[in-house]
Amino acid sequence: MRSKKNNIKKIIIFIIAFILLISVLAVVDYLVVRNRYTLYLRVDTDVPGKVDVTTDRDDIVKITDISFDGKNRYYIVNMVKLQPGRVFLTIDSTDPKIDGDVIDITVNKLGIIYQTQYISSIGNINIVRIEIFLMLLALIVYLIGSLVKVRHDNFYTYRTMYHIGSLLFVGETCIIWLFNLVSRNVFYNDRVYSLYNDIVEVPTFFSLIAFPFIIIISIILFISNIVLLIKEGRSITNMFGIALGILLVGMTFFGITIGSTSGIFFNTQSIIGNLMSSFFGMFFFSLLTYLECILVGSYVGTVIAQRHIPSFNKDYIIILGCGIREDGTLTPLLKGRADRAMWFAEKQKSSKDKDIIYVASGGQGEDEIISEAQAIKNYLMERDIPEDRILLEDRSTTTYENMKLSKEIIDKNIDETEGTKEDIHVAFSTTGYHVFRSGNIANSVGVQAVGVGSRTKWYFYINALIREFIANIVTEKKRHIKNVILIALGCLAIVLVRYMFKLV
């Protein structure tokens, strides 16, 4: 209860701090943007001509400067506010492209100057780009700090997956934003509609940048799955890698063609159709980006977890069962788990002179002559592990039951030996790709355990990573559904802002 209250308190403090920060930035931006405006007039030549700007009212704005940028080919007309109102500027130039143009300018009561037909023409907002870049850098620092804290406190949590995925997205967004900030000319950067475009296009750029890597990953998935099907036989689970590769490539190709094919699905000549087309394209790329980030987060979390070697101070190590042969002997996969557990026990004995108790975990399937736990015990005893150092948990059928029932066995053994549960340290042994999810499941049943991972054949390992990713998605399906709904609502809000403020 206290932990929940502390979390609520932290959330409230964060919200208040965020509101204060946005308020301060809004005041700064207002002071920078108000009372002045820059008008850019594109021309077809890099040789400056003559430009005159006249107004129908001299009391609304004052033209302070007119200059020419030959590199980017536009005239720069600077003006300042005199008082609120509406004024028409007439442009006279030797360039026929802009000669005779009439520009409708409004100065509102706040001192903001903009072209009347486009509210989004508010200028001098390059400071907002810098602020966003600095906020992205601060968010990267926060995510790195959170990852360090999560790994120290409890690495086996889905927060790790989300933090890694978020770090990938924010990091790439920061690079994209910096590129736009330094590479685009002032004419592009100095308008709020260009700022809007850069924000909404981040998921698209992210997916396009990731596409070559998606192609490479898909090729690896195809090759590994073909080898897996040849070696292990055909099954639905053995084709997960191929399915995911097709999904990622197909979604990216489909997303790229949305812009040119939206007219097939929506009447883009109407306001509603145009807004729906914008929403669908934005939501699609955002969803693809979310899937890619979660995939990377799941993979990185799995790799880090499997390579971690726990401290050599453990009292128990749980060996997770995974199927045995028809004659009751261990499959190579299960043998690897048992061998890894014995390796850890030997390392601990040599470094700390401390013995460990094995918990063989796994029930008996319909096609198995003995339980997986009994098969593990037989294997350990054949390798001179004393029987009194092996506990049997032979009822479980899932990883969740492995952990839950093994905890009951350990607690019972502690009670019988009159030990203290608070001083007990537990590890578990499973295949490398399964360590991360197993650790999360262990935490969910109250087992504070760390894992050691055994190796497996490369073609099986790659497909197993995909299975673990899908399992992670299913386990956290409520959170993913909530996140997708939030993404959809965010895209809808952005589209409505575009319509309301004429961001074109």
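In the predicted model, the charged end of Arg 129 sits over the ring of Trp 177, 5.7 Å from the ring centre; a charge is counted as over a ring if NZ of Lys or CZ of Arg is within 6 Å of the ring centre and within 35 degrees of the ring normal. Arg 340 lies over the face of Trp 343, at 4.2 Å from the ring centre. Residues are numbered from 1 along each chain as its sequence is written, and side-chain values use heavy atoms, without hydrogens and water. Because the model is predicted, local features need pLDDT of at least 70 and side-chain atom pairs count only at pLDDT 80 or more, whereas totals for chains, interfaces and linings use all residues.

Ten aromatic pairs were found in the whole structure (ring centres of Phe, Tyr and the six-membered ring of Trp within 6.5 Å; planes under 30 degrees apart stacked, over 60 edge-to-face, the rest tilted). One of them, Phe 14 with Phe 18, is stacked, at 6.3 Å centre to centre and 20° between the planes. These two residues are four apart in helix H1 (residues 2-33), and so are separated by about one helical turn. Phe 14 is exposed, at 58% relative accessible area, and Phe 18 is partly exposed, at 42% (buried under 20%, exposed over 50%, partly exposed in between; 1.4 Å probe, protein chains only).

Tyr 40 and Tyr 74 form an edge-to-face pair because their planes stand at 90°, with the ring centres 5.3 Å apart. This pair links distant parts of the chain, 34 residues apart: Tyr 40 lies in strand S1 (residues 36-42) and Tyr 74 in strand S4 (residues 74-81). Helices (H or I, at least four residues) and strands (E, at least two) are DSSP runs numbered from the N terminus. Both tyrosines, Tyr 40 and Tyr 74, are buried. Phe 280, Phe 284 and Phe 285 form one aromatic cluster.
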